[in-house]
Amino acid sequence: MVEHLQRYGVISSMKVAEVMETIDRALFVPDGASAYADSPMAIGYNATISAPHMHATCLQLLEQNLQPGMHALDVGSGTGYLTACFAIMVGPQGRAVGVEHIPELVASSIKNIEKSAAAPLLKEGSLSVHAGDGRQGWPECAPYDAIHVGAAAPEIPQALLDQLKPGGRMVIPVGNMFQDLKVVDKNMDGSISIRSETSVRYVPLTSRDAQLRG
Ligand code: SAH
């Protein structure tokens, strides 16, 4: 899977290739699913695990903000795959936090991570996953060098902007039917720069009730 993404130019970073080899996607997809196919997959509760090329793209966009010792937040952490990748990249001196609003997914993501190479980090506490509304971020471990949002927001939540460190970067899909993956940089003077990376299709960042209603 990683070689395929490298061959097609999706992965150019050695670090991202390494982390995606370290965290085995097979541990995070439903039993019997073809783990290494480059497509999103249903995980229940109207949620999906993102396609490997989207995980790779987001990891690369955030790579400079996932250095050892840095703080990373994964909103809508779903299966926990990307949260585990973040934890490996920021290491035991860093902090990787997942927030997911479906408690059952939080529980299963913790089980997935426990089987993965990120298990020691979960045990030591540099990696954690919490049930909650990710639109509020996770203030306890703020500010963050990196914020990833795994569901499409109608607009960028102010709480997430507030929890971004100067010099920090957020990657967030924005839109409804048509969505853009936005790269949001907080400059050292606190001003915000935003650019669109690519068109994407994510499940909505919404309330738990709205999501379960479909
Ligand atoms: N990166 C995850 C993506 C999961 S899909 C993965 O690859 O596994 C998006 C996730 O966002 C879903 O699990 C959904 O339940 C969650 N979500 C949607 N709105 C949310 C909200 N307001 N707060 C927290 N999680 C939310």
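Let's start with one residue. Ala-87 touches Ala-96, Leu-121 and Leu-127, leaving aside residues up to four places away in sequence. Contact here means heavy atoms within 4.5 Å. Ala-87 is buried, at 0% relative accessible area. Buried means under 20% relative accessible area, exposed means over 50%, and partly exposed is in between, with a 1.4 Å probe and protein chains only.

A word on the source. This is a predicted model, where local features need pLDDT of at least 70 and side-chain atom pairs count only at pLDDT 80 or more, while totals for chains, interfaces and linings use all residues. Residues are numbered from 1 along each chain as its sequence is written, and side-chain values use heavy atoms, with hydrogens and water left out.

Back to Ala-87. It lies in helix α4. Helices (H or I, at least four residues) and strands (E, at least two) are DSSP runs, numbered from the N terminus.

Next, the cores. A nonpolar core is a set of buried Ala, Val, Leu, Ile, Met, Phe, Trp, Tyr and Cys residues joined through side-chain atoms within 4.5 Å. The largest has 48 residues, and Met-20, Leu-59 and Leu-66 have the most contacts inside it. Helix α4, residues 81-90, gives the most to this core: eight residues. Take Leu-59. Beyond four places in sequence, its contacts include Val-16, Met-20, Leu-66, Phe-86 and Met-89. A second, separate core has 19 residues, among them Val-99, Val-149, Ala-151 and Val-174.

Now helix α5. Which residues of α5 are buried? They are Leu-105, Val-106, Ser-109, Asn-112 and Ile-113.

Last, the largest pocket. About 570 Å³ of space lies in it. A pocket, on a 1 Å grid over the protein atoms alone, is an open set of points where a 1.4 Å probe fits, with protein on both sides within 12 Å along at least five of seven lines; lining residues have an atom within 4 Å of a point. There are 38 lining residues, and those closest to the centre are Thr-48, Ser-50, Gly-150, Tyr-202 and Val-203. Helix α4 is one of the elements that give two or more residues to this lining.

Key
Points joined across faces, edges and corners; volume = space filled by probe spheres on them.
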